[in-house]
Structure formats: C-alpha cells, structure tokens
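Open the model in your viewer and keep the sequence panel beside it. We will go from stop to stop, selecting a few residues each time and looking at what is there.

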Amino acid sequence: MPVSGIVLTCGAGSADDVALRIAAIKGVEVHGVLPDGRIVAVVEADTVDGEVALVTELQEIEGVVSVQLAYHNFEDFEAERP
Amino acid sequence: MELTRRDFIKASAAAAAFAAVGVPVVRPKGVEAAEAGITWGKAPCRFCGVGCCVLVGVKGGKIVATKGDPAGPVNKGLNCIKGYFLSKALYGKDRLTKPLIRKGNRMVEASWDEALALIASKFKESIAAHGPDSVAMYGSGQWTVHEGYTASKLMKGGIGTNNLEPNARLCMASAVVAFMNTFGSDEPMGCYDDLDLGDTYILWGANMAEAHPVLFSRLIDNKLKHPKVRLIDIATRRTRTTKMADEYIAMRPHGDLAAVNSIIHVILRDKLYDESFIKQHVNFKRGKENAPYGLKDKEVFNETPADVKNLTFDEYKDLMKQFTPQWGEKLSGIPAKKIEELARIYSDKSRKVNSLWTMGVNQHSRGVWVNNLIYNLHLLTGKICKPGENPLSLTGQPSACGTAREVGTFAHRLPADMVVMNEAHRKKAAEIWGIDPNKIPAKVGLHTMEMFRAIDRNEVKCIWIQCTNPFQSLPNVSRIRKAAEARKAFIVVSDIYPTKSTEVANVILPSASWVEKEGVFGNTERRTQQWFKMIEPPGQAREDTWQMIEFAKRMGLGHLFPYSEKGFYKEMWEEYRKFTIGNGKDLAPYEAYAKVRGLRWPIKPDGRETRWRYTEADDSYVKKGEGIKFYKAPGNKVNIWFRPYEPPAESPDREYPFWYSTGRVLEHWHTGTMTGRVPELRRAVPGATIEMHPEDAKRLGIRNRDMVRITSRRGSIVLPAEVNGRGAPEKGSVFTTFFDETKLVNELCIDAFDPLSKEPDFKKCAVKVKKA
C-alpha cells in the first residue's frame, strides 16, 4: 500500500479551511499547517493509482494552489501489517 | 501502542515533506530500519524541461520509492504530481519488450539481429537507389545527450545526410532562432534563481501552474515572502496560473505580436529606455517581411545577411511610431491604457522585471518575431543579464536544451552553436569525429514538417523515429498518417509502449527508459544533470544508443563509435565536450556531474558553474571592468529587430468562427504515452474535452459535458464540452488537450509554421463548433 508525503500550497488565508476539508478525506492525514499557508500531509491509498486519484482530487479543492510530492513509497507492505 | 513498519514509512514521508518546506524534524528511530534495503540514487525527472532532481529508491531490482531530492537546487525536495508517474511510466503492463517486424497487417516477434539486419538492408537499398537524403531520423528532446550525439554523428558524419530532427522543432525552434539572431548563442542568460530574486513577472501566454508547476511554486514562494512581487498573466485563456496572478490581461490569439510592438512604441515615445545600455550593446536591424506560412510543400524562406537592413536608433524609432497603443488595442484586445501601463512596468527602474513564455510564443507563425520583440523590451530597458531580471524562455522536454539544442540534433546544426552551412564548423566537427570534412553535407536537411511531408511525396523512403510520437502530435496529422498507412516509407519506431506511431511502423524496437540506462539531460537553465543506471530494462529492451550503434555496425559505420564498453559514457562525453570548450558553452569533465545535482554551463576554468551569462559578476568570459559583454554576438553587440505585425495563417471567419488551440494539462504529459498508463488518473482526467466560454456555450445551446462537434478545414472530432472547468478560454476561442490518443485533436490544426524557425503553430486555427 503506497504512502506519500505531500505539500499543499494554499491561497492567502485559506490554509486552515483547506486543512479541515482535506483532513476529513479518507487516506489523508494532515501533519501541520505552516504560517505561510502551506500544509504538510501524508496520503495513502490501496494502490498507486488510487493515490494519484486522491492527489488529483486535492488539487481541485477551492483554495489549493498546488500539490507537490516530497516522498513516495510504493513497496507492498501488506505482508508486514500486524 | 505498537508501531508498524508502515507507521515509520509514514513518519518518513511526513519528515521529507517538512524538510522540503524548511521545517526541521528529527526522523523517529525505526525509520532507517523501515527503509532498510532501499538503495537511493539521483536522477533528473523524466518529464518536462524544468529538470527537477529526484532520488530514486531501488530494492530487489525494482523502483520502490521516489523523493524530491532535498539537495536538488531546482526543486529543493519537491516534485509535482508527475512524480507519481516516474515509476508507473516504467512498469506499465504493455511495455514493449521484444523487437517486432511487420508481416502484412501483423507485427511478429523477431530477434534483435533480424530486426537490425532488416533496417540496415532497407536503409542501404534506399541510399544506393536515391542517395543519403532519402533516409531520415526523427528524435527527441527526451533523448539523452549521448543518444542525440550518437544520432548526429551517425547521420551527419556517417550516412552523410542532415535529415536529422528532434521533436523539439515543434516546441523550441522559435526560441532557438531568436537566441541566435539576437545574441549569437542559444539558451538563456538568466536562470531559475531569477524566479527567487525578481519582483515582477510578466507571463506571455504561459500556463506555468500546469506546465511548469515546480517553477511556478518557486515564483509563488517568492511572492508569499515578498509583498512587492507582482505576477501579471497575459493570456488567451484563464487557467490555474490566473488564479494566483495579481492581474490577468486577456489577449486575442496572435495579439502578442501587436501588443509588444505597442509597448515598445510607448517606451520609445516617452523615452523610458536606457540610452547608455543601448549605445554600448545594441544594433538595430530590419529583417525580411511579408513572410509566408509554410503551407505549401517545399516553400523556401530564409533571412540571409543580404535581406537584413541596418537601422540607426532614430530610424528604428520612426518605424515604431505607427504602433500606437490604440493600434495595439485593436489587434490584441489589450486596452490601450493597459499597454501604456505595461510599458511603465517594463521600464520602472525600481522593479526587477522578468518575462516568461513558452508554447504560446513559440508555437506561433511569427514565433521568432515575438521572441525578438520580448528581447527588445529587455534590451531597450537594460533589464537583462542581472540577477533577478531577465527574459526566460521555458522549455517543455527534459533535454530539449541539453540534447536537441546543445548537441544540435536539428537539420541545420552541429554541436555547440555550430551549423552545417559553415565550412569552418563542418571542419571542426569532422576533426573531432575523425572523418573527412566532405562527409558532412553543407545542405540543410529537411526540417520536421518537410521531413514528414516528404514521406507523402515519396522522397523520404526510410525513417527511424526514437522516443517520440509524431503520428499523434504533428499538426494536420491525417496527411502523414495516410502516407504511412499507404506504406510510402519504411518506418522504424523505438519506444517503450505501443503508440499511435508504433501503429504505423514496419519495425518496432523496445527501448530502455530513464534509470534503466545511464544518461545526461540538460534543462531550461543550462543545467546539465547526469545519472547512472539503476535497474534493468524489461525483456529484451535496449538503450537507444545501443540500437543506433548496432545499426551503424551493419551499415559499415561502426568505426565512428570506438568507445569501450566499460568507459562508454565517459569516453563519448569527453569527445562531445571538445566541441564546447572555449566557445562559451563549456561543459565539465564527466566525473564532475556524477557528484553534483547538475552544473550550469559555461563551466569556469576552476570548475564552477555560471548562473548569469554575459556579466562580469558571474561569467568568466567577461573580464572585470567590462560589465556586460555579449561576447558571442558579432562585435559584441546584440540585435534589436524591427518586427511588424503580420496576420496569422488562418483566422476565424463566418464559416469557421472560433479560434482553436491545443495544449497540456497538469496530470498528463505530451501524447500521454507515459502518463496515460495510470488508469485511475485516466478516470480523474478522463480524456480530451473542449473548453468553451460560458456565453459561447449558452448561445449555441451547449451545456457542460454535452458532446460537441468541432470542425476545421482539415478534420472533425467530437468531444465533451467543458464549461466553467479548470481552464476558461476567452469568448470566441476553444481549447483542448493533445494527450488523448483516442482523439487526434491535432488533426484539426493547420500545418502553418514560422518561416524562420519552421515551428508549427498549434495555437491558432479556425473551427466551427456545434452540438453533436
């Protein structure tokens, strides 16, 4: 199951709203909101394809200027889950 | 609570994201263990011309992770969404893994030896019967430097034809010609640092947020930190870029040619120019006018020295008097008041002004002229060659600069700014290649548009296409598809997936891609980046260099490639590097690139890179006290060209009342042969749509997602309408994307091209639109 670390850049004054909205989306964890309006989040889905679809969805949210990818791990972890 | 390995990977993902935004975090214990067994290697991204630095994690012979490279100065630890496709693009189920040979309507598996022997026999047959100009090679701005260099040496120095072209003809050629005829040397004086250091950014028809997202983020970071930063989006369509701009200025298609002339008019009229800069550095010239549009086969148009008239500054000012802001408004749609304002912004001494552009200006039937005019703005105001204020032509492919332009895989070029028409240049190339100078023809080869038309005319009998998809991407594509389907030429296609071009091929060769081989790319800002092979290509897929050299051996040209197996990359590099030393395009020894995240040429004698060319502040070719010196230009003076307005090749009329333009979206790249391999994504951005202005849609009774028929004089397609979507064209224009292989949208485009650069205009033709 793939995992990504992503950074969302938000329009002026909209980071808090965006963070609330995306935190409610399954597969998205908000890790921090920076004073300059950027959000650090971790995204996971069943497949890489699912993850791309999720990130594409984040990009379309009002107030989101861009979604960038810092880290993407797509090893299969399934066997190691407790 | 017990932490799983997955939790640690998530911690690692978050830590990487925090680090990339400059927030230091300590990675929790256990992260290293969770990532155990992954070997990380550096590479530039496979996709666009930005050249982001990527770390590739390999485990058990497979890529399992990628990171934005924190040590990479281009992207500082962040990739755009296309970072997801880096691995996906290599692991698609339908990867080509075996050579295939056409037998009637079927493609059958063959050995490499069979395939290469067949190709060599066809090429030999054609050369014997019709001469070397009956064969051609069509490559790519996605070729590595070594691949382009191999192709150039093989075709120009071996076979003896200049029929070698890159697909960069379709995207960068106008920029190249303008760099050459203005500055005497290709590629920019500035670099990406200007995105961090400037305060005014004027975008001419460039949707950076989608086409160059990482650079756009750098710009936005600068804007978030510095309230003075102003971003002005001059475009024919509202986009994601518009959303972040301080101002959007709507412009008619082709309007840039008039608008920039009017801005210059105001700068001259109100004496807003930098007189001492002009006196020291600039000549004024008038070129050949009333240019054709390349619509006729074999049309010839060149601007020779005999066609060029020298002007005095006063004569130039007189000529520019006709281009009043009111005249500019009439042709560009930009209000005269706004034109006055832009002239003041460009000449504001308290502002560091940058112009940015890409396909809107380059894919233009007067693309060279618009490039020239933008340079005029910077040369008249002296806002050039200074940190934070420069014109910057953005590129779209990872090595359009490094391979197509620096190696010179165009029909008229040789490496390092040299050209085949120049005897001294041919001699120099022949000397480095160890061949008879007469082997390299002085005659310019067929440019891309003519190369494919020549297939239809039965003049090009054999063509080898590598790493690109012309049978989807060329304008008026149905003409050349028909010619190919009629088997008018023997077509070889090397690629990694089946495409619209492999569909018409006689031989399909499976290629290795990206980190399945070693390579070098050169990006927009003159940055040369090297990577090592990290994984094996699938099946029998082989590198393009190997394919060409094995072919060369069968053509009796193996002696051109005397490199050892072990030292192949370094030995070829050092040979290529000889072209660059001492002429302002100096590259570093191969080993230097293995250690760093790229270096920007010219490399100084002490091995350091150059951020800004032509200035004593940074360029070692300029002595202390010389200030700015355009040392590649004749007499060290650059040219301000008088370039008037001439209309587009085709404009909307009563029968075809809409402008039609094609381009890119964020999630897909080019013809989608790599990004289209992500099925979920295909659902998210399902296929090409036709974007319309809501008022136009309403008038025609078209609602969002209705099927719409779009027809030009060349073809017709049906697409779903997108009204109020992510991009919104101005009234009277429609826009679509060219990634969708099920819709050959470029079939509608006119095959008009810039007469100087021979680059086609994908951005302007006339169509009619009605509900399907």
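Two strands pair if DSSP finds at least two bridges between them; the strands (E, at least two residues) and helices (H or I, at least four) are DSSP runs, numbered from the N terminus. This is a predicted model, in which local features need pLDDT of at least 70 and side-chain atom pairs count only at pLDDT 80 or more, while totals for chains, interfaces and linings use all residues. Residues are numbered from 1 along each chain as its sequence is written, with chains lettered from A and ligands numbered from 1 in the order in which they are written.

Select residues 527–531 of chain B, strand E22, which is joined to E21(B) by 4 antiparallel bridges. Within this pair, B:Gly522 faces B:Thr528 of E22(B).

(Axes are lines fitted to C-alpha atoms, for helices over the stretch in contact, and angles run from 0 to 180 degrees between N-to-C directions; contact means C-beta atoms, placed from the backbone, within 7 Å.)

**Stop two: another set of strands.** Select residues 282–286 of chain B, strand E12. On which strand does E12 form 5 parallel bridges? The partner is E24 (residues 638–642) of chain B, where B:Trp641 sits opposite B:Lys285. E12(B) also pairs with E13 (residues 309–311) of chain B, this time antiparallel and over 3 bridges. Look there for B:Arg286, whose bridge partner in E13(B) is B:Lys309.

**Stop three: two helices.** Select H5 (residues 145–159) and H23 (residues 544–554) of chain B, whose axes come within 8 Å and cross at roughly 20°. H5(B) and H23(B) are therefore roughly parallel to each other, the term for angles under 35 degrees. Among the contacting residues are B:Thr150, B:Ala151 and B:Leu154 of H5(B), and B:Met548 and B:Ile549 of H23(B).

**Last stop: chain A.** Select A:Leu8 and colour its contacts. Leaving aside residues up to four places away in sequence, A:Leu8 touches A:Val18, A:Arg38, A:Ile39, A:Ala41, A:Leu58, A:Val64 and A:Val67.

Terms used. Contact = placed C-beta atoms within 7 Å. Parallel < 35°, antiparallel > 145°, perpendicular 65-115°, else oblique.
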